[in-house]
Amino acid sequence: MAKPLLEFTDRGIYCEQGKFYIDPWKPVDDAEITHAHADHAYWGHKRYLAHHLSREVLLYRLGEINLQTIEYGETIVKNGVKISMFPAGHVIGSAQIRVEYKGVVWVVSGDYKTEDDGISTPFEPVKCHHFISECTFGMPVYTWKPQSQIFEDVNGWWKSNIEHGLATVIVGYSLGKAQRILQNLDLNLGKVYTHGVIENTNEALRRNGVILNPTERITSESSKEAVRKGIIIAPPSSVGTPWMRKFGPYSFGYCSGWMAIRGAKRRRAADRGFVMSDHADWDGLVSAIDATDCECVYLTHGYTATFTRYLNEIGFNAREVHTLYGGEEEDAEAAPQPSPGERELIAEDKDEHPSKVLSFGEDLGEAKKGAKT
Amino acid sequence: MKAFANLFLALDETNKTNEKVKVLKDYFTSVPDTDKMHMLALFTGRRPKRQINATLIRTWAIEASNIPQWLFEESYHVVGDLAETMSLLMPASESSSSKSLTEWIAEINNLADKNEEEKKLWLMESWAMLDSQERFVFNKLLTGSFRIGVLQNLVVKALADVTGIEAPALTHRIMGKWMPEDYTYEQLVQEQTASDDISRPYPFFLAYPIQETSEKQKSAEDLHLALGDASEWQAEWKWDGIRAQMIKRDGEIFIWSRGEDLATEKFPELHPFLYDLPDGTVLDGEILSFSNGKPLPFNVLQTRIGRKNLTKKILAESPVATIVYDCLEYGREDIRHKTQSERRQVLEKLQSQTSDPETFRISSLIQFDTWQQLETQREQSRAMIAEGIMLKRKSATYQVGRRRGDWWKWKIDPLSVDAVMVYAQKGHGRRADLYTDYTFAVWDGDKLVPFAKAYSGLTDAEINKVDYFVKRNTLEKFGPVRTVKPELVFEIGFEGINKSSRHKSGIALRFPRILRWRHDKPKEEADTLESLKALLEIGYEDETPD
């Protein structure tokens, strides 16, 4: 049997024919990046390829990198392998990566959602033979309400806070959720203030030509009273910090798909949990996979075992794969972005011997250990 | 039902006590009286009888959700709550319902004489007319899994605000055997006497720990600073049994446990002396297993709690008696306002008149003149099969609930052992979908032998780290349980240790919990089964201190 076009290695998804990786988590020569979240876009690669709209955020997050960007639908060829990108609808600039060689087509979904959030280019199904799909929310208990309904709740909550003299803090990841919230708030209610981490991302996107609603960065000079009358968009890492407490009394809302479960909501100790995700829900996943007409679907991060079993039962040919993706939805800024010190360690760790190919279902923790020895 | 479902949602949506009270007050002022009483009943643990068994509810929920059974079970592991799982998996409702909480509970109770087919039809139709939030509380009612816990205080506070009746009086009035069908809101808010419900217990007075954790040891000087002169205090052993209130009124007896369970039938040994008490007597004490006049470790008593039928064998192996330490009602009069010393005198008089002093025991006072002396006495706790010492201010009235000031518990330090985590399981409730329940092992030669499970003791941040470790270091999965790479070492605290034939290790711990994560210890330095068994030897020696 011929070698598959894409393989799962301990560095990431690898194309031997084209000599490139997709979203690798260890330093490599050529990395094609689906989107700019830290668990997909690591520091330390020699060359990067991403979508145009990821450019400024990647440069902001990773510093001076050797980056080439392309448009959706544009094709580039590496050693006979055609590479192109299609909208994933996850965040601004997120892409599915399509790889074709000798008529065989693989698509790597990266992270995606099927609902149009009004700011990311909407998800587009791509026909392929092999589809590598995320399944962060691959359990039937996760089904999302339409975005319009959720923002009705968000705006209603904001309004009620104003009436009760409470500041409003809404928490969401700085790339994706923050802009989605920003674009859907009822700006007749008040002004939008942002935490520095979020404003940095907003600025990067604006440099990239994205038009966002007006925001004001909160600084030490900001008037507490003025800020309290508006709404504050803050990253998850700011929850419970003195920075956030100084706006009290406030009501704080958390936007995440995990909020669908009462236990997770109580754990977060948020005043309001808004069930809002940039990942596809159960029905979204099933319909997206179905739309590819693929012969085989490979499931990465999320409830892989359960979802794989279910897909096989309803007639798909599904396999479970382990990767290091996942994490931004829950732990947000704490995602595995190495500190500058660690970056050097990782760079040193980079060696020339070829990547070890992982078998399906192999435990990653062990694989990582094995690779070191 | 909408009002009740919204109440539940609103309570979930705030962590602030004042807001919760406000939400509860809004509920009380907006629903009919019968709904108020049903809500009170549910929030104080008085659930409607389960009319459809859990297996059938599950089966029909799977049918309504249109997914395979295994996927339903997996979903349940993720959600950690059956009622919530069912409400999340069902398709959106097609219609709506305006039935009140009272009407829904009446319908549930009416199922008693329906056959299976009728029950199924009713349930499927009901699900189809409830939105997901209503469905969640409805499923909670149906499965009898309504547990709210600490919220009772807030309910009482809200009700006190609404009715103008003081909280301690209300707390007392919502105790006892009542059900919402036979206790009206009007009765609740009316002036009452003890004769209204002869079974009604008083709210328990609970002690605060004088030292928050075993790491913050209190010295005699600290006690002096905190509590003042030793002569103002009485001290007793802190017995390790079941806290109970024992009532004799109008020729009838009632035994209530602290969880507000009526447990009269569980302790037949106590009945003769209770019947002998004068009418209008209420005692507060601890029920323990005794043998030859000495208390037995808690696990002996544990074997008979939870049994439906008390066989002769159990009664012979684990006979109980009670150590009484307070008297709340005497001569049909509520004497909780009297001082600790005055109540003690009443109690001593009552006990001196009993014909069964082996069963009706009195908690003896520890003699001490200074805190230093008491500190020395406290070291004898384990030998006394006690958990430490209770301190009660001699001038203390008998108060309602856990209060700081007049009653303190001064527990002994737990025993501890360093152990390796070997299995992990997902938690429930606010810990759903996180690995929070761990099994620990100690070394037996070169093998790790599991010996205890513990759930509590870590901070949320630590739990997240352990969860991260578990997800990346799983060796095997058995349903919801994962075998993890033995690597993390924790210090496990426990109150006692006993032989056990049910456990592979041959031992069972009482109240095991995680004291701290030993980042400093490699797994090789965890303790051995041998060292645990050595504790066991000492434990058995302790039982006969003479």
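Predicted model: local features only at pLDDT ≥ 70, side-chain atom pairs only at ≥ 80, totals over all residues.
## Chain A overall

Chain A has 373 residues, and 52% of them are buried. Its secondary structure consists of 12 helices and 19 strands.

How far apart along the chain do contacting residues lie? Take the contacts in chain A with a separation of 6 or more. Of these, 60% join residues 24 or more positions apart.

## A helix pair in chain A

Two packed helices are described by the angle between their axes and the distance between the axes. In chain A, one pair is helix H1 (residues 55–62) and helix H4 (residues 196–207). Their axes come within 7 Å. They cross at roughly 140°. Angles over 145 degrees count as roughly antiparallel. H1(A) and H4(A) are therefore oblique to each other. Their crossing is right-handed.

Which residues meet here? H1(A) brings A:Glu56, A:Val57 and A:Tyr60. H4(A) brings A:Asn200, A:Thr201, A:Ala204, A:Leu205 and A:Arg207. By class, this contact has 4 nonpolar, 2 polar and 2 charged residues.

## A helix pair in chain B

H2(B) passes H10(B) in a right-handed crossing.

On the H2(B) side, the residues are B:Thr17, B:Lys20, B:Val21, B:Leu24, B:Lys25, B:Phe28 and B:Thr29. They meet B:Leu154, B:Val155, B:Lys157, B:Ala158, B:Leu159, B:Asp161 and B:Val162 in H10(B). The contact of H2(B) with H10(B) divides into 8 nonpolar, 2 polar and 4 charged residues.

## Where the chains touch

How many residues does each chain give to the contact? Chain A gives 18 residues, and chain B gives 25 residues. On the side of chain B that touches chain A, the elements giving two or more residues are helix H5 (69–79) and helix H6 (82–89) of chain B. H5(B) gives the most, with 5 residues.

What classes of residue make up this side of chain B? There are 8 nonpolar, 8 polar and 9 charged residues.

How values were computed: Residues numbered from 1 in each chain as written. Chains lettered and ligands numbered in written order. Contact = placed C-beta atoms within 7 Å. Helix = DSSP H or I, 4+ residues; strand = E, 2+ residues; numbered from the N terminus. Nonpolar A, V, L, I, M, F, W, Y, C, P; charged D, E, K, R; others polar. Left-handed = near helix turned anticlockwise from the far one by under 90°. Buried ≥ 20, exposed ≤ 12 C-beta atoms within 10 Å, placed from the backbone. Axes fitted to C-alpha atoms, helices over the stretch in contact; angles between N-to-C directions. Parallel < 35°, antiparallel > 145°, perpendicular 65-115°, else oblique.
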